[in-house]
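Q: Hi! Could you walk me through this model before I set anything up?

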Amino acid sequence: MVFVTGATGLIGSFICRKLLTQGYKVKALKRKNSDLQLVKEIEKQIEWVEGDLLNVSELHEYLEEAEEVIHCAAMVSYDSKHEELMKRVNVDSTANLVNASLQRGIKRFVHISSVASIGKDKLSPISTEETQWTEGDKHTSYARSKHQAELEVWRGWAEGLNTVVLNPSLVLGPGDWDKSSTQVFKYIWEENRFYTNGMVNYVDVRDVAKAAVQLLSSPLKGERFIVSAGSTTYKELFDAIADKFEKRPPNVKVKGLMIKLAIMLDKVRTKLTGNVPIVTDELEQVSKNQHTYDNSKIKQVLNFKFRDFEDTLHWCCQQLQS
């Protein structure tokens with residue numbers, strides 16, 4: 001039996017589907033008020049456990065009968081105000097699950113991390129699994145939390161936990177319009193006008209699920225794999241999605257002082273309305289990214305083939321409109 005965290009989210013829901021089609025029994029963690037919309041057609045095939053990874057006293061019960069763990073649960077935010085919350089959700093929860101897995105004798109621990117936790121070489125625009133994280137570099141709060149969470153997994157590896165780490169880039173899939181990467185599609189659907197000149201690294205959620213399940217039964221251990229199909233500009237991504245939706249693509253390029261002004265205005269809007277911020281300093285940092293990630297390791301070691309960019313976007317847009 002495989003214990004899955006984050007099963008009600010985009011990545012976790014597709015991992016559960018893949019596990020079930022491969023004949024695995026799935027046990028998954030959910031909160032009391034979890035939205036099960038993304039797993040509605042497989043909900044009854046999963047053994048659900050209601051709880052929280054921060055509840056150390058009950059973690060052993062969650063893992064009863066489980067032999068493997070796929071840890072997907074995480075919080076994504078580019079608002080620095082959420083830094084402490086992300087530390088609890090992303091770092092402390094991972095540490096707790098690693099400890100419980102060691103104590104329960106879990107045979108395999110697959111951790112879904114992020115390319116955000118991989119370092120960036122100042123001398124090269126391309127990172128590999130070996131690129132070292134440098135604390136002195138400018139990182140978002142989310143990136144720091146994912147890096148620290150990954151360190152907990154490697155600590156577990158050093159203590160005897162059979163683990164492997166996946167580092168996906170921006171995961172494209174038909175999830176909740178208001179959460180995670182699916183907000184990119186919502187942004188285009190609403191015909192927002194602005195774009196930046198940054199680069200975006202992307203991967204199909206089905207490929208992330210495929211890689212996670214493939215590595216679950218692999219003899220490989222103590223390895224990390226970048227899971228990224230490729231990269232494109234935000235403008236190209238936005239234009240391609242707009243074409244599939246038959247919507248007007250963003251046509252106003254923003255940079256420099258325009259972005260700073262947008263951040264200032266959004267701070268005022270947030271204070272007046274109490275709504276969550278749309279434009280933040282950290283989101284600006286992400287939007288200016290010019291870095292890419294080398295996916296040759298997973299392609300060579302696992303003979304892995306990524307889905308085509310156009311196929312991914314066509315599927316996502318079709319599913320989101322259905």
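A: Happy to; we can go from the overall fold to the cores and then the salt bridges.

Q: Great. Is this predicted or experimental, and how many helices and strands are there?
A: It is a predicted model. The protein chain has 11 helices and 14 strands.

Q: How much of the chain counts as buried?
A: Of its 322 residues, 50% count as buried. The chain exposes about 15,700 Å², and carbon and sulfur atoms supply 50% of that area.

Q: And what share of the contacts join residues at least 24 apart?
A: For the protein chain it's 77%, taken among contacts between residues at least 6 apart in sequence.

Q: Now the inside. Which residues have the most contacts in the largest nonpolar core?
A: Those are Ile15, Leu19, Ile70, Ile112, Phe185 and Ile241, in a core of 58 residues. Helix α6, residues 205-216, gives the largest share of this core, with eight residues.

Q: What does Leu19 touch, leaving out its sequence neighbours up to four places away?
A: Leu19 touches Val2, Val4, Tyr24, Val26, Ile70, Val213 and Leu216.

Q: What about a second core?
A: There is a separate one of 17 residues, and Phe3, Leu63, Val69 and Val165 are among them. As background, nonpolar side chains in soluble globular proteins tend to be buried together.

Q: Switching to charges: how many salt bridges are there?
A: The count comes to 16. One of them is between the side chains of Glu150 and Arg224, at 2.6 Å from N to O.

Q: Where do Glu150 and Arg224 lie?
A: Glu150 is in helix α4 (residues 141-158) and Arg224 is in strand β11 (residues 223-227), so this pair ties together parts that are 74 residues apart in sequence.

Q: Are those two buried or exposed?
A: Glu150 counts as buried, at 3% relative accessibility. Arg224 also counts as buried, at 14%.

Q: What does Lys297 pair with?
A: Lys297 forms a salt bridge with Glu223, with their closest N and O atoms 2.7 Å apart. Lys297 lies in helix α10 (residues 296-301) and Glu223 in strand β11, so parts 74 residues apart in sequence are tied together by this pair. Lys297 counts as buried at 18% relative accessibility, while Glu223 is partly exposed at 28% relative accessible area.

Terms used: Residues are numbered from 1 along each chain as its sequence is written. This is a predicted model: local features need pLDDT of at least 70, side-chain atom pairs count only at pLDDT 80 or more; totals for chains, interfaces and linings use all residues. Side-chain values use heavy atoms; hydrogens and water are left out. Helices (H or I, at least four residues) and strands (E, at least two) are DSSP runs, numbered from the N terminus. Buried means under 20% relative accessible area, exposed over 50%, partly exposed in between (1.4 Å probe, protein chains only). Contact means heavy atoms within 4.5 Å. Accessible areas come from the Shrake-Rupley method with a 1.4 Å probe; for residues, only the protein chains shown count as cover. A nonpolar core is a set of buried Ala, Val, Leu, Ile, Met, Phe, Trp, Tyr and Cys residues joined through side-chain atoms within 4.5 Å. A salt bridge is a side-chain nitrogen of Lys or Arg within 4 Å of a carboxyl oxygen of Asp or Glu.
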